[in-house]
Amino acid sequence: MLPWKTIIRLTPDTRRAVYLQIADDITAEISSGRVTLGTKLPSSRLLAEQLQLNRKTVQLAYDELLSQGWVEIIPYKGTFVKKNLPILKPKALGFIRPSSPKSPTTLAVKTHQINDGTPDYRIAPVTALYKTARFLTESKLSKSVLTGSHFAGHVSLRQNLAKYLNDTRALTPTANDLIITRGSQMSIFLACSVILSPGDRVIVGHLNYESANETIRYLGGQLVPVKVTRHGLDIDQIESIIVTQKIKAIYISPHHHYPTTVTMPIEHRLKLLALAQHHGFYILEDDYDYDYHYAGSPILPIASIDQGQQVIYIGSFSKILAPSIRMGYMYAHPDIISRCITIRKLIDRRGDPIIEKSLSILIEDGDIQRSIKKAVKIYRDRRDLFCKTLQHKLSDQVSFETPDGGMAVWVKFHNLKVKTLKETTLKQHLHLDVDTYSEEDKCRLGFASLNEDEIEHHLTILQDSIHRLKHKNT
């Protein structure tokens with residue numbers, strides 16, 4: 001009998017179930033040819049004794065091998081490796097199969113991190129969301145929620161979202177004007193898929209959300225970059241372009257332009273909408289962090305004036321909950337929404353109905369609204385502290401303006417490339433998880449996800465890293 005006790009090497013500190021590890025090792029022996037076709041495997045009782053495991057665990061492993069087609073059961077005889085598997089040549093002597101890793105392969109936890117502007121899940125209603133989801137799975141509603149068709153998103157979420165958008169943004173959608181998506185990125189992809197044909201020109205900022213740029217290029221669109229001023233996209237340059245070129249759409253984040261965080265004033269928004277209506281191009285309004293405005297009330301979206309004609313309005317709850325909770329939405333003319341649903345069915349037929357219904361309940365009960373109100377106060381305080389600390393520690397090394405809202409500061413480093421700085425901070429265990437741009441000395445530094453202690457600690461490391469680089473270069 002083969003020495004199964006040494007052949008099967010179990011790794012206790014891994015997430016993979018023990019019975020699957022057993023099946024993996026037996027499969028590997030068969031694949032290598034060391035266990036020949038037609039070989040009888042030891043009984044589940046005997047193998048369990050050798051491995052000092054519960055017999056049911058071994059039986060589960062054998063069931064797995066049976067379901068995968070590696071073995072067959074011959075009544076009254078036992079479990080055998082199938083004879084009709086492809087012929088495998090035994091490995092030469094001296095071959096050692098690599099052992100399983102001692103610990104599961106996971107991404108390292110980034111204890112010290114400055115990102116480019118994400119919410120702090122520690123103050124978000126994430127627990128309430130999943131508590132509601134658990135209640136739904138155990139309630140009488142579970143069947144209707146889990147088995148229904150939700151191609152545009154759960155109807156109750158779309159209904160409550162319509163009211164929410166009217167209360168907070170003066171939009172007037174019905175449920176049929178909305179589609180729920182897995183984050184704003186899916187909304188951008190669906191919208192561009194519907195309105196763009198290969199060769200269509202799309203105006204974007206010369207510094208822009210790169211994933212939007214990639215989406216437009218992927219779908220065959222041509223980027224037409226314009227300057228980004230302290231008031232957002234240069235409206236005069238846009239006007240001069242549309243006189244000489246046929247433009248299909250403009251992608252814009254007017255509330256806090258990504259990445260520079262500047263806000264487009266109302267007079268520029270009105271002029272842009274008038275141009276769109278006159279020349280017949282779409283406005284893709286990505287309002288990714290509308291809720292976070294700290295200097296008075298936020299400016300209403302362009303879509304609140306247009307109400308679903310030329311403007312395709314995109315928003316996200318991921319900036320309220322957590323980056324990994326992908327929950328976005330789009331408000332547009334019903335014809336566009338209908339065409340988006342057709343494409344959505346091809347890649348994600350049912351969305352996430354439990355989370356959608358749970359979010360709907362949190363909106364209806366006012367939990368989301370209360371969470372936003374709390375977050376705005378916290379993030380405002382963090383912005384002020386972050387900017388004050390940044391100015392105190394690095395006034396001679398950086399330039400920036402305190403943003404009116406959002407979750408990040410747009411920073412220019414003096415005579416220093418962001419890529420180089422990222423490499424240096426990493427050596428001091430600070431992960432600078434920010435994007436780099438064509439203007440290599442600028443980036444977004446997020447403050448929303450950092451508490452007071454983290455702001456002080458992380459900016460101290462950033463300060464030290466910059467001083468090290470300056471000293472090295474002198």
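Author: A crossing of two helices is called left-handed if the near helix is turned anticlockwise from the far one by less than a right angle, and right-handed if clockwise. Helices (H or I, at least four residues) and strands (E, at least two) are DSSP runs, numbered from the N terminus. Residues are numbered from 1 along each chain as its sequence is written. This is a predicted model, in which local features need pLDDT of at least 70, side-chain atom pairs count only at pLDDT 80 or more, and totals for chains, interfaces and linings use all residues, while side-chain values use heavy atoms, with hydrogens and water left out.

Reader: Which hand does the crossing of helix 16 and helix 17 have, and at what angle do the two pack?

Author: Two packed helices are described by the angle between their axes and the distance between the axes. Here the crossing of helix 16 with helix 17 is right-handed; helix 16 (residues 418-427) packs against helix 17 (residues 452-472) at about 115°, and their axes lie 9 Å apart. Axes are lines fitted to C-alpha atoms, for helices over the stretch in contact, with angles from 0 to 180 degrees between N-to-C directions. Helix 16 is therefore roughly perpendicular to helix 17, a term for angles of 65 to 115 degrees.

Reader: Which residues make that contact?

Author: Helix 16 contributes Thr 420, Leu 421, Thr 424 and Thr 425, and helix 17 contributes Leu 462, Ser 465, Ile 466 and Leu 469, where contact means heavy atoms within 4.5 Å. By class, this contact has 4 nonpolar, 4 polar and no charged residues (Ala, Val, Leu, Ile, Met, Phe, Trp, Tyr, Cys and Pro count as nonpolar, Asp, Glu, Lys and Arg as charged, the others, Gly among them, as polar).

Reader: At what angle do helix 14 and helix 15 cross?

Author: The axes of helix 14 (residues 353-364) and helix 15 (residues 367-394) cross at roughly 70° and come within 5 Å, and the two helices are therefore roughly perpendicular to each other. Leu 359, Leu 362 and Ile 363 of helix 14 meet Asp 367, Ile 368 and Gln 369 of helix 15, and the residues of this contact divide into 4 nonpolar, 1 polar and 1 charged.

Reader: What is the order of the open sheet of 7 strands?

Author: Strands of a sheet pair through backbone hydrogen bonds, either parallel or antiparallel. The order in this sheet is 4-12-11-10-9-5-6, with mixed pairing, where two strands pair if DSSP finds at least two bridges between them. Strand 4 (178-181) and strand 6 stand at the edges, each with a single partner strand, so one side of each has no neighbour in the sheet. From one strand to the next, the twist averages 20°. Helix 11 (residues 266-279) packs on the sheet, touching strand 9, strand 10 (282-286) and strand 11 (311-316), and its direction makes about 145° with that of strand 10.

Reader: How many bridges join strand 5 to strand 6, and over how many does strand 5 pair with strand 9?

Author: Strand 5 (residues 201-205) runs parallel to strand 6 (residues 222-226) and is joined to it by 5 bridges, whereas strand 5 and strand 9 (residues 249-252) pair in the parallel sense over 2 bridges. Val 202 shows both pairings, standing opposite Leu 223 in strand 6 and opposite Ala 249 in strand 9.

Reader: Do strand 1 and strand 2 run parallel or antiparallel?

Author: Strand 1 (residues 71-74) and strand 2 (residues 78-81) run antiparallel, joined by 4 bridges, with Glu 72 opposite Phe 80 in strand 2. The two strands form a hairpin with 3 residues between them, and in the turn Tyr 76 has a positive phi of about 70°.

Key: Angles under 35 degrees count as roughly parallel, over 145 as roughly antiparallel, 65 to 115 as roughly perpendicular and the rest as oblique.
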